[in-house]
Amino acid sequence: MATNMPAAPSALRRFMASELAHNWLRSASAIAGSIIILGFVVMVTAGPYLTAQNPYDVRQLDIMEAFKPPMWLEGGTGQYILGTDQQGRDVWASIVYGSRISLFIGLAAMLGSALIGATLGLVAGFYGGRLDTVIMRIADIQLSFPSVLIALVLMSAFGTGVDKVLIALVSVGWVVYARTVRGATLREKSREYVQAARVSGLPNHKIILKHVLPNVLTPLIVIATIQVGTFILIEASLSFLGVGVPITQPSLGLLIKNGFDVLFSGLWWISVFPGLFIMLVVFGINLLGDFLRDELNPRLK
Amino acid sequence: MSEEPLLRVDGLEQRFDASGSLFDRLRFENGRISAPRRIVHAVNGVSLTIARGEVLGLVGESGCGKSSLAKTIIKLHEPTAGRIMLEGEDITGYGFQRMQPVRRKMQMIFQDPYASLNPRQQVSDIVVEPWREVAGGTSGDAHERAMQLLAKVGLGAEHAARYPHQFSGGQRQRIGIARALSVNPDLIIADEPVSALDVSIQAQILNLMLDLKDDFGFSYLFITHDLSVVRFISDRIGVMYLGFMVETGPRDAIFDNPRHPYTQALLKAAPRIGQPLPPAAEQLTGEVPSAFVLPQGCAFRTRCPLAHARCATERPALKHIGAGQSVACHLHEADETPLPAAALSAAA
């Protein structure tokens, strides 16, 4: 009979056969979001190969080339597609290099928040009691302040720097994971398969990791996706206000600030293009995030 | 000393605090602030024994404490009072580590085949989980063990790599049975294992459970609210009402000669083909009293057609009345006989 076991299908195969993949291929917004994100990731990884100039290398800058308009305007050249800023830096090159900082901060802060928030949520939901009360009250208090405000206060205390931005964003971001994961954990904990695991002799930490965690991952993925976009925006706000990344590592937000001083002198391209670019990226992330939310967790609609 | 039964439960009580946090409990009454607790009296002094290879069926209405009793015996809940003895070993106060060898002897089949299997776990992992945790199973042997277990419950090797959602309810319950079998237990607690299944599938699962019992020689504590199921599978039957054991005895004695007014009413209420329903006078009226506030005296007296003054003041104890049958009712105290040593001890 069935002597040779059918091998378990590979993860990719299983994904492509899933309902999620099926709906993804039929959703225009999901595909658009995915293309934007893919383009962004390619741009960030291939960065130096896409630009003629390294905007961080002072030797490549020429002050005589400053304030060149975009190539399609009068006085623009094909060398600087989107024009140059007050130092003669290529705006396009600055966007490519700035995106690396912005995406790194968004992803790293998301991973840090997810790890801390999910751990606290699992522990609070699974063990309950006083620990749960303490964690959740801290979360409630924090949620009563706007997250940009908290990050702003923390950054004013810490000073500028990528590491400090990460700490500020993680301090702001863990709450949403903790609350969501706690709720999902409470629901899963009461289901019989958790009792079955107890009867099977699994200790609590194994029940959490093997049984509860895989079943609360879905909402986590949705939040994580959307949060990368949120974090890029918060970081841009902080940098724009001058408490984010240092001037030597300009993120997209800092680029907007750079051009802001001369924005109303008609030199609009220095600020506007990084701004439009952030908008496009966050738009793409939100398109995909909304699709995932609708597909994976219909109750959040 | 007479032979020790496989499982002996003495005066087991289970109370749950359903009052919630302090804020949920706060009340303002008669000008005073108070924070009363709400205690559910789920199991109230139940005693029972199960012999090796025996099937004890436990029947009663929904909410009568059957499941709470089962989950307390297997220590999913800590008992409030009473003793649980497995093979003469008192496991009542055992913590996690000391329960590990006990879990090898006692396993459980759950009610809901949809909720009792982790949807993210492959079937081959599900069925060997207890074996790996408490019976020293190793990863190297796990696949072979899973195949053996699946074969025993009538599933094939092609099912091993699948996930629970790819199975029907009956197949899922087979997976749950295979999981319980994996450690070769002496006792399997089955909490309404067929009540979520179609009638045609119920018969298949019940037959499988009986065949496996004959092959392996273990015992069942079989919980159900379905009288035809309990009649089919049980050697002995216990009838529960509001957390009390009101009658126990051999299957045929319970069905042919029920002695407790509640058992009599329960059997009469079951519809049978070709027989009209009993006249309204013989049907039970009223509601089951709240488990938050137990009635004084006999728990059944509020619905009992034969209740008298004594029932309101004194709670009847479960007493042996001959032929292995025990009843907790004041009506039967006249023909009371002394308890044999190994028989059921009195309910608290």
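What radius of gyration would a compact globule with 348 residues have, and what does chain B have? The legends below take up this question and then turn to details of the predicted model.

Figure 1. A compact globule with 348 residues would have a radius of gyration near 20 Å; chain B has 22 Å, which agrees. The C-alpha trace of chain B spans about 65 × 55 × 50 Å along its principal axes. The secondary structure of chain B consists of 11 helices and 14 strands. Of its 348 residues, 43% count as buried. Among contacts in chain B between residues at least 6 apart in sequence, 67% join residues at least 24 apart.

**Figure 2. The open sheet of chain B.** Eight strands of chain B form this sheet in the order 8-9-10-5-11-12-14-13, with mixed pairing. Strand 8 and strand 13 (319-320) of chain B are the edge strands, each of which pairs on one side only. Strands of a sheet pair through backbone hydrogen bonds, either parallel or antiparallel. Strand 5 (residues 55-59) and strand 11 (residues 236-241) of chain B pair in the parallel sense, over 4 bridges. Within this pairing, Leu56(B) has Arg236(B) in strand 11 of chain B as its bridge partner.

**Figure 3. The largest nonpolar core and the surroundings of Tyr241(B).** This core has 156 residues, of which Ile189(B), Leu221(B) and Tyr241(B) touch the most other members. Helix 5 (residues 91-127) of chain A gives the most to the core, with 16 residues. When neighbours within four places in sequence are left aside, Tyr241(B) is in contact with Gly60(B), Cys64(B), Val246(B), Tyr262(B), Ala299(B) and Phe300(B).

**Figure 4. The contact between chain A and chain B.** Chain B provides 23 residues and chain A provides 18 residues. On the side of chain B that touches chain A, the elements giving two or more residues are helix 3 (96-103), strand 8 (106-109) and helix 4 (123-134) of chain B. Helix 4 of chain B supplies the largest share of that side, 4 residues. By residue class, the side of chain B that touches chain A divides into 12 nonpolar, 5 polar and 6 charged residues.

**Figure 5. Confidence of the prediction along chain A.** The mean pLDDT of chain A is 87, and 95% of its residues reach 70 or more. Among the elements of chain A, helix 9 (residues 192-199) has the highest mean pLDDT (94), whereas helix 1 (residues 11-16) has the lowest (74). Over residues 1-7 of chain A, pLDDT stays under 50, and the model has 5 contacts beyond four places in sequence for these residues.

Note on methods. Residues are numbered from 1 along each chain as its sequence is written. Chains are lettered from A and ligands numbered from 1 in the order in which they are written. This is a predicted model: local features need pLDDT of at least 70, side-chain atom pairs count only at pLDDT 80 or more; totals for chains, interfaces and linings use all residues. Two residues are in contact if their C-beta atoms, placed from the backbone, lie within 7 Å. Ala, Val, Leu, Ile, Met, Phe, Trp, Tyr, Cys and Pro count as nonpolar, Asp, Glu, Lys and Arg as charged, and the others, Gly among them, as polar. The radius of gyration is taken over C-alpha atoms; the globule rule is 2.2 Å times the number of residues to the power 0.38. A residue is buried if 20 or more other C-beta atoms lie within 10 Å of its own, exposed if 12 or fewer, and partly exposed in between; C-beta atoms are placed from the backbone. A nonpolar core is a set of buried Ala, Val, Leu, Ile, Met, Phe, Trp, Tyr and Cys residues joined through C-beta atoms within 7 Å. pLDDT is the predictor's confidence in each residue, from 0 to 100. Two strands pair if DSSP finds at least two bridges between them.
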